[in-house]
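Please open the structure in a viewer and keep the selection tool at hand. The tour visits the nonpolar core and then the salt bridges.

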Amino acid sequence: MRPLICKWQIQHPLSVTHPIRKNVAVIILTLFLTATAPAANLDSQEKAFLEVALRRNLSHVADSLDVASSREARTGARSAFGPQTEVLGSLSAVQGPGNRNVGVGTATGTLSQWVPTGGTASAALSGTSARLSPDNPPPYPTGDQDSASLTLSFKQPLLQGFGSGSSVLYQAHLADAAAKLKFQAAKGAGLVLLQQARNAYWNLAGAIATVQAQTEDSARTERLLGIARIQFRAGSSSALDTLTAATNFAKSRVALLQGRNAVREGTRSLSTLADTEMVALPHPDSLPSPELETALPTVEGLMQNAREHAPDLAQAQAKIEALQVEADYRKSSRLPRLDGTIYGKTPMTGMNPTQDWLVGARLDLDWNLPSGTERAKYRSSLLDLRSAEIRRDAAEKELRHQIGRILDSWNSARQQLALTIDLAALQTKRVAAAEVGYKAGSTSMMDLQLVQADWMNAVTASWQAKAQAKSLEAELEARTGIGPARQGWIWEEQ
């Protein structure tokens, strides 16, 4: 299957320009990636994973084939706009009473071309060859008789079938609308896949970072347990401190096992979306990186992009276009069928074909009064069209509301992320100071336990804030349809 490619331009991290080409489709990314990415760059690892998800996710591959199938159907429907050829032939033999023998062969080749007004221009070459028995008694003809003729004609529907009422245009427009709907549905599923993949990726990154922190915490509590035992044997600490240190160490081991199980679950979640063997899993630092301080786009700016790229709005518009075609066709079909034809015919044998032309014109009227079924279909198409327009307006209104909600939540999540990162850094210094104080005997085991818990909570909260910010970003990209463009990907059929 021919790969589908596209071209986009990016201006703003959350605002994209219109595509260079319009009326295009996208399903398969023609992107090549390496199997690993730098461990320190989570964003590049994320992009590599998303590429694999779109290239190897089986549901997305199936959607790509569905789109290719609808495109072939559209090509077939539009082929009616090109030249059409038809060849007819017959051969017959008759044995009559006595010696009356008749053999006749006929052949006709027709070349026709549809024109944008709904008319058809055609040229037909016909030939007949008759072989008659020479023994036929009068008045039956005898001997061979051959004839051929050329006919040129142009037939134009004057009422029904003219313009948008043409059955050829109707079928082509329906195929166009079906292909567009199929593509937009596949695109929407692809954007949802991207959203799910991003959420799973950053949740896994947070789980891995939490395990790193839990591993560090477990090692620290093990050291503190050794110190508590030494101090207990030296008589400088109580048995309660030693038991508390042992309890803290056991708790840290349990938390570490739970964290490792969460990482395995996160890895399995990623594997359901893509082949994770082709990409490197995230290896984050102990604390997440803050989001870049860039001005957020406005709701109006995102809505402008959404009207071009949002799959929900695009599907709603495609349905409106399909229903408009249906309504126009049903309206035209209620009219009488009045066809005008002009033609010329000349014999190709026995006469001068350049001079012996027979020219004529004809009007054909055929009007079947619309039945109740046809009138009901027309009224139904009008109601469906109006319903689709209202649903599109409702979808746009709901999208505007959701964009506003996401922007507010995203702004809050970014601020929360920056605060939690600063807090986690302070808690890291606080843990180090508390551990030194405990070794020196100036800090109690209970105070050290509280400081450790605060540090662990701060690290977990920072990664939760990071995952929340990325989740909101993924939702915004999926709803507005700008996710592929932000990645710099090519999603356009050529």
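Begin by selecting Phe-49, Tyr-438 and Trp-463, the residues with the most contacts inside the largest nonpolar core, which has 42 residues. A nonpolar core is a set of buried Ala, Val, Leu, Ile, Met, Phe, Trp, Tyr and Cys residues joined through side-chain atoms within 4.5 Å; buried means under 20% relative accessible area, exposed over 50%, and partly exposed in between (1.4 Å probe, protein chains only). Next, colour helix 3 (167-234), from which the largest share of this core, 18 residues, comes. Helices are DSSP runs (H or I, at least four residues), numbered from the N terminus.

This is a predicted model, in which local features need pLDDT of at least 70 and side-chain atom pairs count only at pLDDT 80 or more, while totals for chains, interfaces and linings use all residues. Residues are numbered from 1 along each chain as its sequence is written, and side-chain values use heavy atoms, leaving out hydrogens and water.

Now select Arg-220 and Glu-435, whose side chains form a salt bridge (3.6 Å, N to O). The term denotes a side-chain nitrogen of Lys or Arg within 4 Å of a carboxyl oxygen of Asp or Glu. Because Arg-220 lies in helix 3 and Glu-435 in helix 7, the pair ties together parts 215 residues apart in sequence. Both Arg-220 and Glu-435 are buried.

Move on to Glu-475 and Arg-405, a salt bridge whose closest N and O atoms are 2.6 Å apart. Glu-475 is buried, at 15% relative accessible area, whereas Arg-405 is partly exposed at 31%.

Finally, select Glu-216, Asp-217, Arg-220, Arg-223, Glu-435 and Lys-439, which salt bridges with shared partners join into one network.

Terms used. Helices (H or I, at least four residues) and strands (E, at least two) are DSSP runs, numbered from the N terminus.
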